[in-house]
Every structure is written in structure tokens, then in C-alpha cells.
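Hello,

Here is the structure I promised to hand over. Please look through it before reading my notes below.

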Amino acid sequence: MATGVPRNKRASRLSYTLDYTGKMPRAEVLALQGEEPKEVELSSAMGKLYCGDNLSTMLWLREQPGVRRHVRCVYIDPPYATAMAFVDREANHAYEDHLDGAEYVEALRRRLIVLHDLLAEDGSIFVHLDQNMVFEAKIVMDEIFGRQNFRNFITRKKCNTKNYTRNNFGNIADHILFYAKSEQNVWHRPYDAWTDEKVVDEYPYIDKKSGRRYKKVPVHAPGIRRGETGRPWRGKLPPVGKHWQYPPAKLDAFDAAGEIYWSPNGNPRRKVFFDQSKGIPVQDIWMEFKDAHNQNILITGYPTEKNFELVSRLVAATTNPGDLVLDCYSGSGTTLEAAATLGRRFIGIDIAEAAINATVKRFLHGRSAMGDFVGVRGAKKRRKTSEPLFADL
Ligand SMILES: C[S@@+](CC[C@H](N)C(=O)[O-])C[C@H]1O[C@@H](n2cnc3c(N)ncnc32)[C@H](O)[C@@H]1O
């Protein structure tokens with residue numbers, strides 16, 4: 001295992017930006033004029049749904065009471081620059097995704113600037129993209145949110161294995177960029193449940209006295225300290241280049257409580273007991289949230305609809321009940337339903353009529369099992385048009 005010792009933080013202070021023609025200064029983006037959008041009637045008292053271009057709508061929302069600096073969580077799943085037109089399960093046109101290159105980046109950047117302005121100081125934002133544009137988006141988000149506020153690059157398995165790729169590896173991953181507005185983002189760490197097999201694997205020892213299951217972890221950490229954690233404890237120095245993780249008094253307390261394991265050659269390790277675990281802390285690779293992957297999964301049938309449980313996890317981790325959640329590319333309303341189900345308020349915005357209809361239907365009738373859509377007319381691709389998706393460009 002590689003052991004790194006922190007040296008200096010100079011690299012993280014160096015800044016760089018993405019440069020391209022048409023990049024509007026931040027202040028000018030925020031000075032753009034918004035327009036009151038059409039509000040759509042929704043059978044939920046938990047939030048509002050607007051039909052219109054999201055940049056113009058968000059600029060208008062900035063001026064409305066209780067929105068600017070009050071949004072605790074943003075989840076967006078914008079078009080991915082796929083150069084495709086999307087239809088729903090019944091072959092109705094949904095939306096076009098044909099912006100590319102700098103035009104795409106600038107359209108997204110402008111929206112991210114306004115989203116940053118709408119977020120509360122302890123708010124968080126998730127931007128869901130695939131390999132096509134996620135790297136450009138990362139640099140743009142570093143610029144807007146600050147590199148220090150980057151939290152995770154989540155990789156999700158989005159679909160089943162692809163067996164027939166020609167000269168590359170099958171692409172089954174997409175990605176979620178997670179940024180906070182500041183150091184103080186609301187955070188409820190999610191946990192997965194233990195399985196018997198994983199418990200035995202992770203906590204292989206049984207404490208002779210108490211019968212409790214435990215694992216052994218080091219009591220030292222990389223880095224040299226000059227204070228008491230760098231000095232001998234029980235006559236032992238920490239290994240070269242390391243320090244004790246706890247002051248001697250704390251280590252004594254652990255030992256007195258039977259929480260230190262002494263190896264036959266006298267090296268201490270800490271016993272961490274299984275019964276103190278809240279579950280398996282969720283990491284940044286997610287395998288269990290494929291979109292519409294089996295006949296029983298509930299969906300609306302809107303194209304590119306995201307997995308409900310995935311979005312629910314993000315909302316639950318970064319908000320408290322009653323908080324305001326915003327999705328300005330809300331599509332079929334996955335984020336809005338996740339927010340409402342968790343007792344959070346929401347604002348949804350989408351420009352496409354099909355998206356608005358899918359959301360209204362979702363709140364009225366819920367989702368249907370994917371299998372129920374089998375038998376409708378097959379999805380047919382609509383000819384690409386040159387209508388701009390982003391009204392400001
Ligand atoms: C990938 S889909 C979102 C799917 C959604 N996450 C769901 O679970 O159903 C992207 C959505 O962005 C919408 N959209 C694209 N450009 C927009 C704009 N300028 N303003 C508002 N919505 C926009 C499209 O109509 C489409 O519904």
C-alpha cells in the first residue's frame with residue numbers, strides 16, 4: 001500500500017481556467033435579465049414546477065423571495081452533448097441534445113454560475129454527466145465553486161455489460177461531480193447494510209472476554225510530529241515517518257477499556273468493534289443504481305430518466321427535512337419526487353413539454369413497472385433539427 005506524507009499545499013493554490021470564445025464574465029451572466037416562466041400545476045404541495053429555459057427562469061427565481069441563497073441541494077442531469085434527439089417510450093419527441101464544444105460548455109457554465117448564486121452557504125451540488133463532457137465540467141466547476149469545495153467524482157454503473165464494442169472497453173460508467181458551496185455543507189453520511197459475509201471478512205476476530213467481533217487498525221498515521229504524539233508511548237516510538245494517532249492519555253484509556261490488541265512482539269493495534277458500526281460507509285463507486293435495468297423497476301418512460309434511489313441518496317445525504325432542492329433540467333421529475341418523498345421542498349424546471357407532462361403524470365399516477373411499457377410503438381429516432389436548446393445562445 002502506498003503511504004504518502006503531506007508536504008505542502010502549493011499545488012492546490014495554483015489556478016487555471018478553461019478558455020474559449022464567447023466566455024461571458026460572471027458578473028455579466030448574473031446581470032442577464034430573467035423572465036417569469038410558466039408555472040405548471042402539480043398535485044404536490046411540496047414544490048413548484050416551471051416550464052421554460054432554465055437560465056432565464058433561474059435569473060427570475062433569484063429575485064423571488066426565499067430562493068436565492070436558500071437552495072440546499074442541486075441535482076442536475078443536463079444533456080450530455082450526445083448529438084441525439086430523444087423520444088419517450090411511446091415514441092413522442094422529448095428533447096434535442098445537440099450543443100457541442102464551447103457552446104455546450106458556456107451554456108452549462110452560465111447555468112452553474114446562477115446555481116452557485118442560488119445555493120445556500122451550506123448547500124451542495126451534483127452534476128451528472130458521462131465521459132463526454134465531465135472533464136470540461138470539472139474544470140468549469142473548479143472555477144465557479146472553488147477547487148477546495150470539490151467533494152467527489154462518483155462513478156456509477158449505468159447499465160448492463162456491453163459485449164459488442166469494436167476497439168474499446170464497454171462504457172458502462174457515468175459520473176456525478178459533487179461540490180459543496182463551502183466547508184459547512186450539510187452532510188448525513190449514507191451507509192450500506194452489512195451482509196453476513198462482509199461482516200466476517202471485515203471484522204474477522206472475536207474478543208475472548210466479551211465475545212464481540214472486531215477488526216484491528218493501526219494506532220499510528222503518516223507524518224512526523226514534535227509533540228506528545230511523536231514521543232514514545234509505553235516505551236515504544238511510532239514507526240519511522242509516523243506519529244501516534246492519539247495522545248498517550250487516550251491510548252491509555254483505550255487499553256484500559258480492552259480496546260488495544262498487543263501483537264506477540266509487542267506492537268499495539270486498536271480493536272474496532274462491529275457492534276459500533278453504523279453500516280458500510282458508502283464510497284464513490286456505485287454499482288447498484290442502473291437506470292431501468294429490469295422489467296420490474298418503476299419508471300415514467302421519459303428518455304434518460306435517472307434511477308430514483310440514486311437521486312434519493314444524494315438528496316438525503318445533503319439536506320434536512322423541509323430544505324429546498326432544485327433541479328433545473330428536471331426531465332421526468334426524478335429529483336422532485338425524491339425530494340417530496342423525503343419531505344424536502346423542491347423547484348423543477350424543464351423546457352420540454354414531454355418532460356413537464358411526464359412530471360405531472362408522475363405526481364398524479366406514480367411510475368409504472370418497466371415491463372408495462374413493452375408493446376408500445378418502438379422508440380424511433382427523430383430527425384435532428386437545428387432549433388437551439390439553450391435560448392440564450
Ligand atoms: C438528461 S434529461 C434529464 C432527465 C431527468 N434527470 C430525469 O430523471 O428524468 C435533460 C433534460 O434537460 C432539459 N433541458 C435541456 N435544456 C434545457 C434548458 N435550456 N432549460 C430547461 N431544460 C432543459 C431537457 O428537456 C431534458 O428533459
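In what order do the strands of the open sheet run, and what is the pairing? The order is S1-S2-S20-S19-S3-S6-S8-S7-S17, nine strands with mixed pairing. Strands here are DSSP runs of E, at least two residues long, and helices are runs of H or I, at least four, numbered from the N terminus. Two strands pair if DSSP finds at least two bridges between them.

First, the ground rules. This is a predicted model, numbered from 1 along each chain as its sequence is written, with local features needing pLDDT of at least 70 and side-chain atom pairs counted only at pLDDT 80 or more, while totals for chains, interfaces and linings use all residues. Side-chain values use heavy atoms, with hydrogens and water left out.

S1 pairs with strand S2 (residues 47–51), antiparallel, over three bridges. Val40 stands opposite Leu49 in S2.

**Domains**

Domain 1 covers 37–190 + 284–373, and domain 2 covers 196–276. These bounds come from an automatic or database domain assignment. The two centres, taken over C-alpha atoms, are 43 Å apart.

Strand S10 (residues 205–206) and strand S11 (residues 213–218) are antiparallel, with two bridges. Ile206 has Arg213 in S11 as its bridge partner. S10 and S11 make a hairpin with six residues between them. Gly211, in the turn, has a positive phi of about 80°. S11 also runs antiparallel to strand S15 (residues 268–273), joined by five bridges. There, Pro218 is partnered by Arg269 in S15.

**Rings and charges**

The whole structure holds 18 aromatic pairs. Rings of Phe, Tyr and Trp (its six-membered ring) pair if their centres lie within 6.5 Å; planes under 30 degrees apart are stacked, over 60 edge-to-face, the rest tilted. Trp233 lies in the loop between strand S12 (220–222) and strand S13 (242–244), and Trp244 lies in S13, eleven residues apart. Trp233 is buried, with a relative accessible area of 3%. Trp244 is buried, also with 3%. Buried means under 20% relative accessible area, exposed over 50%, partly exposed in between (1.4 Å probe, protein chains only).

Ring pairs also link Phe86, Tyr95 and Tyr302 into a cluster.

Two charges sit over rings. Lys216 is over the face of Tyr261, 3.9 Å from the ring centre. Arg313 has its charged end over the ring of Trp286, at 4.6 Å from the centre. The test is NZ of Lys or CZ of Arg within 6 Å of the ring centre and within 35 degrees of the ring normal.

**Pocket**

The second largest pocket holds about 310 Å³ of space. A pocket is an open set of points on a 1 Å grid over the protein atoms alone, with protein on both sides within 12 Å along at least five of seven lines; lining residues have an atom within 4 Å of a point. Volume is the space filled by probe spheres set on the points, which are joined across faces, edges and corners. This pocket has 18 lining residues, with Asp88, Glu90, Thr300, Ala358 and Lys361 nearest its centre. Helix H10 (residues 353–365) gives the most to this lining, six residues.

Best wishes

Key: 1 Å grid on protein atoms, 1.4 Å probe; cavity = no way out; pocket = protein on both sides within 12 Å on 5 of 7 lines; lining within 4 Å.
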